[in-house]
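I opened this chain to look up its charged pairs and one of its helices. My entries follow the order in which I checked things.

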Amino acid sequence: MKRVLTVLFATGFIVATLAGVSAAAYVVAGLAEKHLFPGASRLSNIIFLMLVFVMIIATLLTLAERKWSALMQDRVGPNRARIDLPGLRNRSLAGIPHILTDVLKMLTKEDFIPGTANRFLFKLGPILAFAPVFALFAVVPAGPSVTVFGHRVDMVVATPDFGVLYLLAIASLAVYGTALAGWSSNNKFALLGGVRASSQMISYEVALGLSLIGLFMAFSSLQLPAIVGELGLAGAQATGQAQYLWRTEGAFDFGVPAWGFLLQPIGFIGFFAASFAETKRAPFDVPEGESEIIGYFVEYSGMKFGMFMISEFVEVVVLAGVTTALFFGGHHLPFGGEWLASQPLMQEHGWLYGTLLGTVFWVKVVFLIWVQLVIRWTFPRFRYDQIQTLGWKILLPLALVNVFVSGALVLWDPSLRALAVVGMLEIGVLVVLTMTKKAEAAEGGAHGAHGAHGHDHGHDAHGLPSHASATSSH
(Lines give C-alpha, C1' and ligand atoms only; values in the text may rest on other atoms or scores of the structure.)
Protein backbone atom coordinates (compact mmCIF):
# COMPACT_ATOMS: atom_id res chain seq x y z
CA MET A 1 0.00 0.00 0.00
CA LYS A 2 2.89 2.32 0.77
CA ARG A 3 4.30 1.82 -2.73
CA VAL A 4 0.90 2.59 -4.29
CA LEU A 5 0.61 5.83 -2.31
CA THR A 6 4.15 6.76 -3.32
CA VAL A 7 3.36 6.22 -7.01
CA LEU A 8 0.12 8.25 -6.73
CA PHE A 9 1.91 11.10 -4.96
CA ALA A 10 4.69 11.09 -7.54
CA THR A 11 2.14 11.13 -10.38
CA GLY A 12 0.29 14.08 -8.87
CA PHE A 13 3.54 15.94 -8.27
CA ILE A 14 4.65 15.38 -11.88
CA VAL A 15 1.32 16.63 -13.30
CA ALA A 16 1.36 19.70 -11.03
CA THR A 17 4.94 20.51 -12.04
CA LEU A 18 4.12 20.18 -15.75
CA ALA A 19 1.14 22.51 -15.29
CA GLY A 20 3.25 25.08 -13.45
CA VAL A 21 6.00 25.13 -16.07
CA SER A 22 3.40 25.30 -18.88
CA ALA A 23 1.76 28.31 -17.21
CA ALA A 24 5.15 30.00 -16.84
CA ALA A 25 5.92 29.34 -20.51
CA TYR A 26 2.71 31.05 -21.68
CA VAL A 27 3.01 34.01 -19.30
CA VAL A 28 6.67 34.65 -20.17
CA ALA A 29 5.90 34.32 -23.91
CA GLY A 30 3.06 36.84 -23.58
CA LEU A 31 5.29 39.28 -21.69
CA ALA A 32 8.02 38.88 -24.31
CA GLU A 33 5.57 39.67 -27.13
CA LYS A 34 4.24 42.68 -25.23
CA HIS A 35 7.47 44.30 -24.04
CA LEU A 36 10.13 43.18 -26.50
CA PHE A 37 9.31 42.70 -30.19
CA PRO A 38 6.96 40.60 -32.37
CA GLY A 39 8.15 37.04 -32.44
CA ALA A 40 10.02 37.27 -29.12
CA SER A 41 7.84 34.46 -27.79
CA ARG A 42 9.71 32.05 -30.06
CA LEU A 43 12.90 32.85 -28.12
CA SER A 44 11.22 32.15 -24.79
CA ASN A 45 9.86 28.93 -26.28
CA ILE A 46 13.43 27.81 -26.97
CA ILE A 47 14.20 28.28 -23.28
CA PHE A 48 11.08 26.58 -21.92
CA LEU A 49 10.42 23.84 -24.48
CA MET A 50 13.95 22.77 -25.35
CA LEU A 51 16.03 23.69 -22.33
CA VAL A 52 13.53 23.32 -19.49
CA PHE A 53 11.11 20.62 -20.64
CA VAL A 54 13.26 18.45 -22.90
CA MET A 55 16.60 18.74 -21.11
CA ILE A 56 15.29 18.52 -17.54
CA ILE A 57 13.01 15.57 -18.37
CA ALA A 58 15.91 13.83 -20.13
CA THR A 59 18.15 14.46 -17.11
CA LEU A 60 15.53 13.11 -14.70
CA LEU A 61 15.12 10.04 -16.90
CA THR A 62 18.62 8.94 -15.91
CA LEU A 63 17.16 8.43 -12.43
CA ALA A 64 13.65 7.41 -13.50
CA GLU A 65 14.99 4.52 -15.57
CA ARG A 66 16.95 3.17 -12.62
CA LYS A 67 13.93 3.54 -10.33
CA TRP A 68 11.50 1.97 -12.79
CA SER A 69 13.82 -0.94 -13.59
CA ALA A 70 14.19 -1.55 -9.84
CA LEU A 71 10.40 -1.49 -9.45
CA MET A 72 9.93 -3.99 -12.30
CA GLN A 73 12.64 -6.28 -10.94
CA ASP A 74 11.41 -6.02 -7.31
CA ARG A 75 14.62 -4.57 -5.92
CA VAL A 76 15.76 -1.36 -4.29
CA GLY A 77 16.79 1.39 -6.68
CA PRO A 78 19.49 4.03 -6.18
CA ASN A 79 19.28 5.40 -2.64
CA ARG A 80 22.83 5.49 -1.25
CA ALA A 81 23.93 9.01 -2.17
CA ARG A 82 23.30 11.60 0.54
CA ILE A 83 23.60 15.37 0.96
CA ASP A 84 25.71 16.21 4.02
CA LEU A 85 23.43 18.91 5.44
CA PRO A 86 21.51 19.00 8.72
CA GLY A 87 18.22 17.15 8.35
CA LEU A 88 19.25 15.55 5.03
CA ARG A 89 22.13 13.29 6.09
CA ASN A 90 19.94 10.25 6.66
CA ARG A 91 17.47 10.81 3.81
CA SER A 92 17.78 9.22 0.38
CA LEU A 93 15.60 11.97 -1.21
CA ALA A 94 14.19 9.47 -3.73
CA GLY A 95 17.65 8.99 -5.23
CA ILE A 96 17.81 12.54 -6.64
CA PRO A 97 21.35 13.12 -5.23
CA HIS A 98 22.51 10.43 -7.71
CA ILE A 99 21.78 12.89 -10.55
CA LEU A 100 24.12 15.41 -8.93
CA THR A 101 26.83 12.79 -8.48
CA ASP A 102 26.49 11.72 -12.12
CA VAL A 103 26.89 15.32 -13.30
CA LEU A 104 29.92 15.91 -11.09
CA LYS A 105 31.49 12.64 -12.23
CA MET A 106 31.03 13.51 -15.91
CA LEU A 107 32.41 17.04 -15.50
CA THR A 108 35.45 16.11 -13.41
CA LYS A 109 36.46 12.76 -14.93
CA GLU A 110 39.64 12.70 -17.02
CA ASP A 111 39.02 13.54 -20.67
CA PHE A 112 41.02 10.75 -22.30
CA ILE A 113 41.80 10.82 -26.04
CA PRO A 114 43.61 7.85 -27.64
CA GLY A 115 47.01 8.72 -28.99
CA THR A 116 46.28 7.34 -32.47
CA ALA A 117 42.78 8.85 -32.74
CA ASN A 118 41.79 11.61 -35.14
CA ARG A 119 41.44 14.38 -32.55
CA PHE A 120 39.15 16.68 -34.55
CA LEU A 121 36.68 13.99 -35.60
CA PHE A 122 36.94 12.36 -32.16
CA LYS A 123 35.71 15.59 -30.56
CA LEU A 124 33.14 16.18 -33.30
CA GLY A 125 31.43 12.79 -32.83
CA PRO A 126 29.59 13.55 -29.55
CA ILE A 127 28.44 16.92 -30.88
CA LEU A 128 26.95 15.36 -34.03
CA ALA A 129 25.28 12.70 -31.91
CA PHE A 130 23.68 15.19 -29.50
CA ALA A 131 22.94 18.40 -31.43
CA PRO A 132 20.63 16.96 -34.16
CA VAL A 133 18.54 15.09 -31.59
CA PHE A 134 18.22 18.20 -29.45
CA ALA A 135 17.16 20.31 -32.45
CA LEU A 136 14.32 17.96 -33.44
CA PHE A 137 11.88 19.36 -30.87
CA ALA A 138 11.95 22.80 -32.51
CA VAL A 139 8.98 21.97 -34.80
CA VAL A 140 6.83 20.12 -32.24
CA PRO A 141 3.81 22.16 -31.01
CA ALA A 142 3.52 21.69 -27.23
CA GLY A 143 0.29 23.62 -26.71
CA PRO A 144 -2.47 25.65 -28.42
CA SER A 145 -2.07 29.09 -29.91
CA VAL A 146 -3.75 31.54 -27.50
CA THR A 147 -3.93 35.26 -26.79
CA VAL A 148 -1.91 36.37 -23.76
CA PHE A 149 -1.82 40.03 -22.73
CA GLY A 150 -3.36 40.95 -26.07
CA HIS A 151 -0.73 39.17 -28.16
CA ARG A 152 -0.85 35.88 -30.03
CA VAL A 153 1.39 33.18 -28.56
CA ASP A 154 2.29 29.96 -30.38
CA MET A 155 3.76 27.24 -28.16
CA VAL A 156 6.25 26.08 -30.79
CA VAL A 157 9.75 27.22 -31.70
CA ALA A 158 9.49 27.11 -35.51
CA THR A 159 6.85 26.30 -38.13
CA PRO A 160 8.67 25.69 -41.43
CA ASP A 161 6.61 24.69 -44.45
CA PHE A 162 8.53 21.43 -44.78
CA GLY A 163 7.63 20.42 -41.20
CA VAL A 164 8.12 16.67 -40.82
CA LEU A 165 10.78 16.66 -43.56
CA TYR A 166 12.85 18.75 -41.15
CA LEU A 167 12.53 15.95 -38.59
CA LEU A 168 13.65 13.29 -41.06
CA ALA A 169 16.54 15.41 -42.37
CA ILE A 170 17.93 16.45 -39.00
CA ALA A 171 17.46 12.99 -37.48
CA SER A 172 19.55 11.49 -40.29
CA LEU A 173 22.52 13.65 -39.25
CA ALA A 174 22.88 11.64 -36.04
CA VAL A 175 24.25 8.79 -38.16
CA TYR A 176 27.40 10.82 -38.74
CA GLY A 177 27.96 11.14 -34.99
CA THR A 178 27.91 7.39 -34.38
CA ALA A 179 29.95 6.59 -37.49
CA LEU A 180 32.63 9.18 -36.72
CA ALA A 181 32.78 8.17 -33.06
CA GLY A 182 33.56 4.57 -34.04
CA TRP A 183 35.98 5.36 -36.85
CA SER A 184 37.92 8.27 -35.30
CA SER A 185 38.75 6.25 -32.15
CA ASN A 186 41.04 3.98 -34.19
CA ASN A 187 39.68 1.04 -32.20
CA LYS A 188 38.47 -2.10 -33.97
CA PHE A 189 35.69 -2.73 -31.45
CA ALA A 190 34.50 0.87 -31.68
CA LEU A 191 34.60 0.69 -35.48
CA LEU A 192 32.47 -2.46 -35.44
CA GLY A 193 29.96 -0.74 -33.16
CA GLY A 194 29.89 2.33 -35.41
CA VAL A 195 29.23 0.21 -38.49
CA ARG A 196 26.45 -1.65 -36.71
CA ALA A 197 24.87 1.60 -35.51
CA SER A 198 25.07 3.22 -38.95
CA SER A 199 23.55 0.25 -40.80
CA GLN A 200 20.78 -0.06 -38.20
CA MET A 201 19.88 3.64 -38.27
CA ILE A 202 19.92 3.85 -42.07
CA SER A 203 17.78 0.73 -42.51
CA TYR A 204 15.11 1.94 -40.10
CA GLU A 205 15.03 5.48 -41.53
CA VAL A 206 13.48 4.07 -44.71
CA ALA A 207 10.61 2.41 -42.83
CA LEU A 208 10.26 5.45 -40.56
CA GLY A 209 9.68 7.83 -43.46
CA LEU A 210 7.31 5.52 -45.35
CA SER A 211 5.18 4.90 -42.24
CA LEU A 212 4.24 8.60 -42.18
CA ILE A 213 3.12 8.90 -45.83
CA GLY A 214 -0.43 7.74 -45.05
CA LEU A 215 -0.74 10.40 -42.34
CA PHE A 216 0.44 13.10 -44.77
CA MET A 217 -2.19 12.04 -47.30
CA ALA A 218 -4.93 11.99 -44.68
CA PHE A 219 -4.28 15.55 -43.45
CA SER A 220 -2.79 16.98 -46.68
CA SER A 221 0.06 18.68 -44.86
CA LEU A 222 3.64 18.23 -43.71
CA GLN A 223 3.46 20.79 -40.91
CA LEU A 224 3.05 19.42 -37.42
CA PRO A 225 0.74 22.27 -36.25
CA ALA A 226 -1.54 21.56 -39.25
CA ILE A 227 -1.55 17.81 -38.49
CA VAL A 228 -2.38 18.51 -34.84
CA GLY A 229 -5.12 20.86 -36.07
CA GLU A 230 -7.32 23.55 -34.57
CA LEU A 231 -10.77 23.37 -33.01
CA GLY A 232 -13.84 24.44 -34.96
CA LEU A 233 -15.00 27.47 -32.94
CA ALA A 234 -17.48 30.19 -33.92
CA GLY A 235 -18.75 28.19 -36.88
CA ALA A 236 -15.29 27.43 -38.25
CA GLN A 237 -14.38 23.98 -39.52
CA ALA A 238 -12.11 21.92 -37.27
CA THR A 239 -8.90 20.77 -38.90
CA GLY A 240 -6.34 18.02 -38.42
CA GLN A 241 -6.74 15.76 -35.43
CA ALA A 242 -9.05 18.28 -33.74
CA GLN A 243 -11.93 17.23 -35.99
CA TYR A 244 -14.41 14.48 -35.21
CA LEU A 245 -15.08 11.51 -37.44
CA TRP A 246 -18.43 10.94 -35.75
CA ARG A 247 -19.91 13.18 -33.05
CA THR A 248 -23.05 13.84 -31.08
CA GLU A 249 -25.03 17.04 -31.30
CA GLY A 250 -25.18 19.27 -28.26
CA ALA A 251 -23.34 21.86 -26.22
CA PHE A 252 -20.82 19.29 -25.03
CA ASP A 253 -18.92 17.85 -27.97
CA PHE A 254 -18.44 14.10 -27.80
CA GLY A 255 -17.40 11.68 -30.52
CA VAL A 256 -14.60 9.75 -32.18
CA PRO A 257 -11.65 12.07 -32.85
CA ALA A 258 -9.55 11.85 -36.01
CA TRP A 259 -6.40 10.95 -34.11
CA GLY A 260 -3.55 9.50 -36.08
CA PHE A 261 -3.40 6.12 -34.38
CA LEU A 262 -7.07 5.46 -35.30
CA LEU A 263 -6.52 6.44 -38.94
CA GLN A 264 -3.07 4.88 -39.26
CA PRO A 265 -2.50 2.06 -36.72
CA ILE A 266 -0.03 0.30 -39.02
CA GLY A 267 1.73 3.61 -39.62
CA PHE A 268 1.89 4.22 -35.88
CA ILE A 269 3.38 0.80 -35.15
CA GLY A 270 5.92 1.19 -37.94
CA PHE A 271 6.89 4.72 -36.91
CA PHE A 272 7.18 3.90 -33.21
CA ALA A 273 9.20 0.71 -33.82
CA ALA A 274 11.52 2.40 -36.31
CA SER A 275 12.00 5.45 -34.08
CA PHE A 276 12.68 3.21 -31.09
CA ALA A 277 15.33 1.41 -33.12
CA GLU A 278 16.85 4.81 -34.00
CA THR A 279 17.41 5.47 -30.29
CA LYS A 280 19.62 2.36 -30.12
CA ARG A 281 18.12 1.33 -26.80
CA ALA A 282 17.17 -2.21 -25.77
CA PRO A 283 15.96 -4.35 -27.44
CA PHE A 284 17.71 -2.55 -30.33
CA ASP A 285 21.01 -1.89 -28.52
CA VAL A 286 23.28 -4.20 -30.51
CA PRO A 287 25.66 -1.32 -31.47
CA GLU A 288 26.73 -1.25 -27.81
CA GLY A 289 25.81 -4.78 -26.71
CA GLU A 290 28.32 -5.66 -24.00
CA SER A 291 27.89 -9.40 -24.53
CA GLU A 292 28.92 -9.13 -28.20
CA ILE A 293 30.98 -5.98 -28.74
CA ILE A 294 31.96 -3.02 -26.59
CA GLY A 295 30.27 -0.18 -28.47
CA TYR A 296 31.08 2.74 -30.71
CA PHE A 297 31.91 5.12 -27.81
CA VAL A 298 34.20 2.75 -25.90
CA GLU A 299 37.11 5.21 -26.04
CA TYR A 300 35.11 8.17 -24.75
CA SER A 301 35.24 9.33 -21.14
CA GLY A 302 34.06 12.24 -19.05
CA MET A 303 31.56 14.65 -20.56
CA LYS A 304 32.04 13.30 -24.07
CA PHE A 305 30.63 9.97 -22.90
CA GLY A 306 27.98 11.96 -21.02
CA MET A 307 26.83 13.58 -24.28
CA PHE A 308 26.31 10.17 -25.87
CA MET A 309 24.36 9.03 -22.81
CA ILE A 310 22.16 12.09 -22.47
CA SER A 311 21.46 12.13 -26.22
CA GLU A 312 19.72 8.74 -25.84
CA PHE A 313 17.42 10.12 -23.15
CA VAL A 314 16.76 13.26 -25.21
CA GLU A 315 15.78 10.95 -28.06
CA VAL A 316 13.29 9.24 -25.74
CA VAL A 317 11.64 12.60 -24.93
CA VAL A 318 11.65 13.78 -28.55
CA LEU A 319 10.21 10.48 -29.79
CA ALA A 320 7.40 10.75 -27.23
CA GLY A 321 6.68 14.36 -28.23
CA VAL A 322 6.66 13.69 -31.98
CA THR A 323 4.49 10.58 -31.54
CA THR A 324 2.03 12.57 -29.41
CA ALA A 325 1.77 15.28 -32.06
CA LEU A 326 1.42 12.89 -35.00
CA PHE A 327 -0.73 10.08 -33.63
CA PHE A 328 -2.34 11.09 -30.31
CA GLY A 329 -3.91 14.46 -31.03
CA GLY A 330 -1.11 16.63 -29.69
CA HIS A 331 -2.50 18.92 -26.99
CA HIS A 332 -6.15 18.15 -27.83
CA LEU A 333 -8.54 16.32 -25.52
CA PRO A 334 -10.28 13.24 -26.98
CA PHE A 335 -13.65 14.98 -26.46
CA GLY A 336 -14.98 18.13 -24.82
CA GLY A 337 -12.34 20.38 -26.35
CA GLU A 338 -14.78 22.76 -28.05
CA TRP A 339 -16.91 23.00 -24.90
CA LEU A 340 -13.84 23.84 -22.80
CA ALA A 341 -12.61 26.47 -25.27
CA SER A 342 -16.05 28.15 -25.34
CA GLN A 343 -16.13 28.73 -21.58
CA PRO A 344 -15.93 32.46 -20.67
CA LEU A 345 -13.10 31.87 -18.20
CA MET A 346 -10.97 30.21 -20.88
CA GLN A 347 -11.73 32.90 -23.45
CA GLU A 348 -10.90 35.65 -20.97
CA HIS A 349 -7.67 34.05 -19.71
CA GLY A 350 -5.87 32.54 -22.67
CA TRP A 351 -2.87 31.54 -20.57
CA LEU A 352 -5.12 29.35 -18.41
CA TYR A 353 -6.53 27.56 -21.44
CA GLY A 354 -3.03 27.11 -22.82
CA THR A 355 -1.82 25.78 -19.47
CA LEU A 356 -4.55 23.12 -19.34
CA LEU A 357 -3.96 21.84 -22.86
CA GLY A 358 -0.20 22.19 -22.55
CA THR A 359 -0.38 19.97 -19.49
CA VAL A 360 -2.45 17.48 -21.50
CA PHE A 361 0.31 17.37 -24.11
CA TRP A 362 3.08 16.78 -21.59
CA VAL A 363 1.08 14.13 -19.71
CA LYS A 364 0.78 12.22 -23.00
CA VAL A 365 4.52 12.64 -23.52
CA VAL A 366 5.33 11.31 -20.04
CA PHE A 367 3.02 8.34 -20.63
CA LEU A 368 4.80 7.45 -23.89
CA ILE A 369 8.15 7.82 -22.11
CA TRP A 370 6.91 5.32 -19.54
CA VAL A 371 5.90 2.95 -22.36
CA GLN A 372 9.42 3.15 -23.76
CA LEU A 373 10.91 2.35 -20.35
CA VAL A 374 8.59 -0.64 -20.01
CA ILE A 375 9.68 -1.94 -23.43
CA ARG A 376 13.34 -1.36 -22.62
CA TRP A 377 13.17 -3.42 -19.39
CA THR A 378 10.83 -6.14 -20.69
CA PHE A 379 12.30 -7.47 -23.94
CA PRO A 380 15.73 -9.06 -24.32
CA ARG A 381 18.20 -7.79 -26.90
CA PHE A 382 17.53 -8.82 -30.49
CA ARG A 383 20.21 -10.48 -32.55
CA TYR A 384 21.69 -8.29 -35.25
CA ASP A 385 20.15 -10.36 -38.05
CA GLN A 386 16.73 -10.15 -36.35
CA ILE A 387 16.97 -6.37 -36.26
CA GLN A 388 17.76 -6.19 -39.97
CA THR A 389 14.98 -8.67 -40.76
CA LEU A 390 12.46 -6.58 -38.83
CA GLY A 391 13.50 -3.40 -40.61
CA TRP A 392 13.80 -4.62 -44.20
CA LYS A 393 11.47 -7.63 -44.41
CA ILE A 394 8.61 -6.67 -42.06
CA LEU A 395 8.33 -2.92 -41.41
CA LEU A 396 9.26 -1.82 -44.94
CA PRO A 397 6.72 -4.04 -46.79
CA LEU A 398 4.01 -3.15 -44.24
CA ALA A 399 4.73 0.55 -44.75
CA LEU A 400 4.52 0.20 -48.55
CA VAL A 401 1.20 -1.66 -48.38
CA ASN A 402 -0.10 0.92 -45.92
CA VAL A 403 0.74 3.74 -48.34
CA PHE A 404 -1.30 2.22 -51.19
CA VAL A 405 -4.26 1.27 -48.99
CA SER A 406 -4.35 4.67 -47.29
CA GLY A 407 -4.13 6.53 -50.60
CA ALA A 408 -7.01 4.54 -52.08
CA LEU A 409 -9.21 5.08 -49.00
CA VAL A 410 -8.52 8.81 -48.86
CA LEU A 411 -9.41 9.18 -52.54
CA TRP A 412 -12.58 7.14 -52.06
CA ASP A 413 -13.74 8.94 -48.91
CA PRO A 414 -12.10 12.33 -48.21
CA SER A 415 -14.02 12.56 -44.90
CA LEU A 416 -11.53 9.95 -43.56
CA ARG A 417 -14.31 7.79 -42.13
CA ALA A 418 -13.51 4.84 -44.40
CA LEU A 419 -9.85 5.15 -43.42
CA ALA A 420 -10.88 5.16 -39.75
CA VAL A 421 -13.09 2.07 -40.17
CA VAL A 422 -10.24 0.15 -41.78
CA GLY A 423 -7.89 1.41 -39.07
CA MET A 424 -10.20 0.18 -36.31
CA LEU A 425 -10.44 -3.20 -38.03
CA GLU A 426 -6.64 -3.35 -38.13
CA ILE A 427 -6.51 -2.57 -34.40
CA GLY A 428 -9.06 -5.34 -33.75
CA VAL A 429 -7.01 -7.86 -35.74
CA LEU A 430 -3.85 -6.92 -33.84
CA VAL A 431 -5.65 -7.30 -30.50
CA VAL A 432 -7.06 -10.70 -31.47
CA LEU A 433 -3.65 -11.93 -32.67
CA THR A 434 -2.01 -10.70 -29.47
CA MET A 435 -4.59 -12.35 -27.21
CA THR A 436 -4.46 -15.58 -29.24
CA LYS A 437 -0.68 -15.80 -28.94
CA LYS A 438 -0.91 -15.06 -25.22
CA ALA A 439 -3.51 -17.80 -24.71
CA GLU A 440 -1.41 -20.30 -26.70
CA ALA A 441 1.67 -19.44 -24.65
CA ALA A 442 -0.25 -19.84 -21.39
CA GLU A 443 -1.72 -23.18 -22.55
CA GLY A 444 1.69 -24.42 -23.62
CA GLY A 445 3.15 -23.44 -20.26
CA ALA A 446 0.38 -25.28 -18.42
CA HIS A 447 0.94 -28.45 -20.48
CA GLY A 448 4.66 -28.21 -19.88
CA ALA A 449 4.18 -27.87 -16.13
CA HIS A 450 1.74 -30.81 -16.08
CA GLY A 451 4.15 -32.98 -18.07
CA ALA A 452 7.03 -32.09 -15.80
CA HIS A 453 4.92 -32.89 -12.74
CA GLY A 454 3.91 -36.27 -14.17
CA HIS A 455 7.49 -37.10 -15.09
CA ASP A 456 8.88 -36.19 -11.67
CA HIS A 457 6.15 -37.97 -9.70
CA GLY A 458 7.67 -40.31 -7.11
CA HIS A 459 11.18 -38.84 -7.47
CA ASP A 460 13.15 -36.50 -5.28
CA ALA A 461 15.26 -33.56 -6.38
CA HIS A 462 18.15 -35.88 -7.38
CA GLY A 463 16.03 -38.07 -9.66
CA LEU A 464 15.92 -40.97 -7.18
CA PRO A 465 12.66 -42.71 -6.26
CA SER A 466 11.15 -41.23 -3.16
CA HIS A 467 11.40 -44.45 -1.14
CA ALA A 468 15.08 -44.80 -2.07
CA SER A 469 15.70 -41.25 -0.93
CA ALA A 470 13.97 -41.95 2.33
CA THR A 471 16.01 -45.13 2.82
CA SER A 472 19.28 -43.39 2.10
CA SER A 473 18.43 -40.62 4.53
CA HIS A 474 18.08 -43.20 7.29
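I count a salt bridge when a side-chain nitrogen of Lys or Arg is within 4 Å of a carboxyl oxygen of Asp or Glu. The model is predicted, so I use local features only at pLDDT of at least 70 and side-chain atom pairs only at pLDDT 80 or more, while totals for chains, interfaces and linings use all residues. Residues are numbered from 1 along each chain as its sequence is written, and side-chain values use heavy atoms, without hydrogens and water.

Entry one: salt bridges. I find 9 of them in the structure. Arg-383 and Asp-385 pair through their side chains, at 2.9 Å from N to O. For exposure I call a residue buried under 20% relative accessible area, exposed over 50% and partly exposed in between (1.4 Å probe, protein chains only). Arg-383 is partly exposed at 48%, and Asp-385 is partly exposed at 40%. I also note one network, in which salt bridges with shared partners join Glu-65, Arg-281 and Arg-376.

Entry two: Asp-285 and Arg-381. Their closest N and O atoms are 2.9 Å apart in a salt bridge. Asp-285 sits in the loop between α11 (265-278) and α12 (302-327), and Arg-381 in the loop between α15 (350-376) and α16 (384-412), so the pair ties together parts 96 residues apart in sequence. Helices here are DSSP runs (H or I, at least four residues), numbered from the N terminus. Asp-285 is buried at 10%, whereas Arg-381 is partly exposed at 27%.

Arg-66 belongs to helix α2 and Asp-102 to helix α3 (residues 97-108), 36 residues apart.

Conventions: Helices (H or I, at least four residues) and strands (E, at least two) are DSSP runs, numbered from the N terminus.
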